[in-house]
Every structure is written in C-alpha cells, then in structure tokens.
Amino acid sequence: MHSLLLRPLPSTTTSGSLAGRVSPPAPWRPGAVVWAGDRRCRRGGVAAAGAGAWMEEAGTAVLEEAARRNPALSESYRPAGLPRPNGTVLEAQGRVCTGPEQTRPLGEEQAMRVLDTILRSATGELKEEPVSSAQLGAFFAGMTIRANCFPEATQWSEGERRAMSLFWPRLVHVLPPEVKFIADPEGTIMGANGLTGPRYIGQGTAEMRLVGALREVLAGGHLGYEEVQCVLKDVLPVGSTSENSTVVSEALLAAFLIGQRMNRETDRELKGYCLAFDDELGPPPVADVDSLTHYGEPYDGNTRFFRSTLFVAAVRACYGETCLLHGVEWMPPKGGITEGQMLKFMGANTHLSPTQAKRLLEDENTGFAYLHLQEACPSLYSIIGLREHIKKRPPLATSEKVQQFVRARGRESMVAGFYHVGYEDPLLMLMRRRTVHAGLVVKGEEGALSLTTKERSANASKGLPVNHCSGFRTPNSANFSETDGISRESFSVAVNAQELGFKSTETPRTDKSVLKNLELGLSALGGDKGPAYDRIVLNAAMADHLLGCSGAKDINSALDRAREAIDSGNALRRLMNYIKISHKVS
C-alpha cells in the first residue's frame, strides 16, 4: 500500500526537477506598482492595475510558473507525489467518520459497494485506486465507535449490518492485523471472526502506546492531557528521513485522529494537541514589537469567497499592529485558497524560519510575516497526506489555529476562525492557556476570519450568525474576571456592518482562484472602493477594536485609520516590500 506520509520538501533554492515541488517564481518586482507619473496614481490613493497589467508587470518568472502548473488555482498547490485516496471509500468516510448527530448511516447498496472495494483492494485487484491503510483505519474506526457508543439513530443501519455479515468473513483473511483490531478491538462486534482485536498489542514501543490509547478511544472514551501529548510525541514526525522519525501503522494513527474527533475532544485533549510540539524547535524567538496578533485562519483555506486576512495584516501593520500569519500552501479537506498560495504566487519566500519571520515583524517596512507549518512545526506538517485520507478534520484542525511560533516583547493577541457549534469556547480556552492579553474567535464566512458586510438574511440558518465574535481582552475597567493569573474582560457581539455605515454587498466569489483573490485584494489596497475594500477595512478595524488595541476604542476612529492606511498607499507598499524583503532575510 502507498505511504501517505509527506516527505520533506526540497529547499526553495533547489532547481531542476519538479517532481518534489515546483520552484517558486522570482520575487514580484516592486515596480509592478508605479507610484509617480503612472496613469494609475491619483491623489489620496493608488488605483490597482487590472489582472492583465498585473500579470504582465509581475515579470516572466510568474508567467512561466503559470505555464508549468497553473498556479492560479488552489488545487495546483497540492504537494506532488501524494497518492490520491480511493473515492468510493472516501465518500463513505464523509458519512460515517463524523459526530454522534452528524453521522449518516450507509444504505445497504453503498455499504456493499464500499466493503467490496475494500476486499478487492486488499486482494490486489485495485491497482489504479487502492484503498490506503489510513482510509482503512479511519473507516473502521468510524464503524467501531458508532457500534460502541453512538445514539441509536446513528449506529449501524440494517443495510450496514447485512453487508458486514456478508463481507467480514472474507475480509478477516486479507486485512492486516492492525485493521482487524480497529474493526473489533474487544471481540464484541464481529463475533467469532473478531478474535484478533483483544490480543493485538502493536509493534514497538510507540505503536504499543498508540494501541493502548486507541482502545479507550474506540470505546468512546477520553484521554488525559499527558496521555495525548505522549502519544503524539511518540509517533510524530512520521515518514521523514530524520533520526527522530518513527514508524507506526498509518491505519492506527488515522483511527486515533478521527476517533478523537468523533468522540468530541475534551478541553484536556485539545490542550494536549495544542501544546505538544511547542518546544520542537526550541524556545520561540521574541520579536521586539509593542503589539503582535497571531492569526489562526483555517489551514484548509477558502473555496468560495474572498479571503481577506493577508491584506488585513498589511493594513494593520501600517499603524504598529504587527501580525503573524501561519499555515500551509494546501491542506485537506477543502484544499482552498490560503495566504501561503497568494504569497508564493506573488513571488515571496514562503519558507521562512521563525527567526526570519521575527525579523520581518520587526522591519519597519513590512510589519507582518507568514510562517509555513513545514518550517514552524515539521512534526505536524508530516501528516498532511494522511489527513487527506481520513477525510474529516482531526483535532489538529482546531489546535493548529492557536499557536505562538514567535513571541513579542509587548502585547500579544490571538484571532481564530470557527464554524461548527461547540468550538467557540474550546478555542478561547486554548487562547487563555497561551496567556495572551486578548483573544478573539470569529464566525466569518466559510468558517474563516472574514467578517462580511452583507446584511443577514431573514432565512439564515439557525445557530450563531456569520459575523458572531466573542473573546476576552485586558480590561480598561474594574469589571473583569481573573483566570490563569491574567486579568481579562469577556465580550460577545454580532457585528452589523450596516450599523457602522457599510452598504450591504454580496461577498466577491473566488471559487478556488488564487489569481481572482489577489486581483480583489490588490485592487482594494490600490484604493479601488467596493466590496473587497469594505471587507478589508471592516476586518482590520474590528480586530483593533475588539482586541482592545491602542487607538481603537472608538470604532469609527478605527475604521478611519484602516481607510487611511489603504488610501495613502502604505498598505500596498508594505505588501510589495514583503515580497522583496522575505528573500533578503533568508
């Protein structure tokens, strides 16, 4: 079976074959925006060039990159060489590897088709699209947890029972022992054909610890903080050539990750995921800045709507609110547009070390930085391929948004996006555990950070509305609570853009087009008034206001300050500076 574990990528300076990775384009020349004497300059702002002019001025390197692999689309940033999951089984995983209320049992026809696919793959018949070990682990973990502890409505359907009774007597002869363990860990599900599970212990110390923890997870139980940390440190990184890498079954690891999510992680478990690799590269560097905001966008990006955070960071940097973005170029399950894709497309160095990012934060010509997970936390980066094959988001999808890869001498804040009910409070808990001065969680569009100026429809879905924000900040009055030794006041608000003077507009669609997202953002930073401009201003000012940043107590003043940063051309200048300086610090 193909390994799904992501191999380390070559250095960004490596040339030659594109098999491992496409070399980044040359830096976008600052001359791509002309400040004086150009027809796009105007008093009070800088109008953005059109897409055609921008591509022409960006230089031949970007155009050659486009010819090689069409980097204008987010899907093209999927790492080369990763085997694709089996589509039939992956579709079923989307139904059965989720929560107690969200799971949708398979009908008999689909269950038969899935188990037949697994059987043919295990016997070597499926050469083109085999079922991976990770898929087997995730699928059977989902089936086992449903059988053991889910409510009746989301337990096995009659069709699933009939299909399993037909196929399991044959599967038991061809599946590896770790998968048979996952499918029936205590010998209580498959009857006489489930005897492997109770005796299975794994191979090697790391795998034995993983098996012990997985027994609890497959029974619907939970683990302690230290236990989660020990398991993760035992098994990660995986698949690399490093002396620190370990070899564990991908089926077991996939079952562990998806099983914890299906059981709904406790606060202790999430803290274990969040803090497990804080010391992987040693103590984080400390930037000599007065204020630093850590941005936790969902790593898997946007697939439909304009993603504004990169441009918001450039705006906030203009008045001393330095911003650290972190993520990857591509992440499942959505595989959408990310900050890493946009910066790479423009020619920036997207593989900086935390120390190099610190220098960019301190540089008066930039004031923001982007960190790739591969450089900031190699252990977590090593399982991107496995995450694609488990289909649903693991606990790491929550905890990776609350990281401090660089610290600050002054005030620190965190912002993270969420969508699903039940993750607002855990994210705030993790932020408090980080002992930052302020924390903000945002239910933006697509579960990302982008607040919208669109008026909420009367037919909007139930639950928390888009533009819901909650968090905590250092108090300006005596009315506050004390936790973790830091004084904070809490807040919760639904941002109404119309009350702040914004016209209700539809959010611009990008539909996985990196180029379209850049066109919108760069045009807005160039002074082009419209929906993208409004969203950048709204998101910058509301972050300043809600986090309690200096000069932003009055929201109208905060909005004016964000507009001035754009209309003066300062924000666009900083973004252009970043493209150039990101190569110099390395």
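The lining of the largest cavity draws at least two residues from each of helix 13 (309–317), strand 9 (438–443) and helix 22 (531–546), where helices (H or I, at least four residues) and strands (E, at least two) are DSSP runs numbered from the N terminus. The structure is a predicted model, in which local features need pLDDT of at least 70, side-chain atom pairs count only at pLDDT 80 or more, and totals for chains, interfaces and linings use all residues. Residues are numbered from 1 along each chain as its sequence is written, and side-chain values use heavy atoms, with hydrogens and water left out.

A cavity is a set of points on a 1 Å grid over the protein atoms alone where a 1.4 Å probe fits but cannot get out, its lining residues having an atom within 4 Å of a point; points are joined across faces, edges and corners, and the volume is the space filled by probe spheres set on them. The count comes to 3 cavities of 30 Å³ or more.

The largest cavity has a volume of about 110 Å³, and of its 13 lining residues, Tyr-295, Val-415, Leu-449, Asn-539 and Ala-543 are the closest to its centre. Helix 22 contributes the most to this lining, with 3 residues. The lining comprises 9 nonpolar residues (Ala, Val, Leu, Ile, Met, Phe, Trp, Tyr, Cys and Pro), 4 polar and no charged ones (charged being Asp, Glu, Lys and Arg, and polar the others, Gly among them).

The second largest cavity, of about 40 Å³, is lined by residues including Leu-106, Phe-139 and Glu-160. Helix 6 (158–171) is one of the helices that supply at least two residues here, and the largest share, 3 residues, comes from helix 6. This lining divides into 7 nonpolar, no polar and 1 charged.

Methods:
1 Å grid on protein atoms, 1.4 Å probe; cavity = no way out; pocket = protein on both sides within 12 Å on 5 of 7 lines; lining within 4 Å.
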